[in-house]
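Please read them with the model open.

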Amino acid sequence: MSTEDFTEQGGVMQETEIDFFLRSQGYGTLSLAADGDAYGVPVSFGYDGDHLYFLFLQLGVASQKRDFVDTTDTASFLAYQVNSKFDWQSVIVTGRLREVRDDEVAHARDTMADNAWHPSLFSEADPMGDIKGYVLDIEAKTGRKGSGT
């Protein structure tokens with residue numbers, strides 16, 4: 001397959017398409033890094049047009065996720081959907097990841113409620129432990145789509 005063949009099968013998503021996709025998706029993979037090691041985490045997210053919001057469940061004192069968050073300068077987030085060979089979309093967002101500030105908690109919670117997808121990992125009776133909110137301050141976002149989209 002030549003480069004021309006690939007170009008005809010897909011294209012760059014416009015800003016409005018990227019925003020619509022992020023508002024409708026609700027889950028993806030957050031990639032972090034520490035000392036040359038990568039760590040990809042499947043996460044639910046909320047998107048308000050300028051930021052991505054995440055909630056991390058802290059199970060105990062030690063947390064590999066928290067360790068990687070603390071050492072990552074630029075985080076990368078991938079959301080994608082594949083319906084068929086030609087009907088697919090993917091969006092990559094990069095930026096700084098930080099804890100949600102006290103004055104952002106209500107907005108982060110509302111944004112998560114709007115479009116985050118939450119798996120049923122725990123029963124209603126299980127203790128949930130400490131939940132920390134994080135925000136990705138978006139520096140760049142790009143999207144690609146198949147020709148069937």
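1. Terms first. Buried means under 20% relative accessible area, exposed means over 50%, and partly exposed is in between (1.4 Å probe, protein chains only). Helices (H or I, at least four residues) and strands (E, at least two) are DSSP runs, numbered from the N terminus. This is a predicted model, where local features need pLDDT of at least 70, side-chain atom pairs count only at pLDDT 80 or more, and totals for chains, interfaces and linings use all residues. Residues are numbered from 1 along each chain as its sequence is written, and side-chain values use heavy atoms, with hydrogens and water left out.

2. Look at helix H2 (residues 15-25). Its buried residues are Ile18, Asp19, Phe21, Leu22 and Gln25. They line one face of the helix, because they fall within an arc of 165° seen down the axis of H2 (the arc is that of the directions from the helix axis to the C-beta atoms). Thr16 and Phe20, on the other side of H2, are exposed. Just after H2, Gly26 has a positive phi of about 90°.

3. Leu22 is among the residues with the most contacts inside the largest nonpolar core, which has 24 residues. Such a core is a set of buried Ala, Val, Leu, Ile, Met, Phe, Trp, Tyr and Cys residues joined through side-chain atoms within 4.5 Å. A second, separate core of six residues includes Tyr53 and Met112.

4. Now strand E6 (residues 75-82). Val82 lies in E6. Is Val82 buried or exposed? Val82 counts as exposed, because its relative accessibility is 57%.
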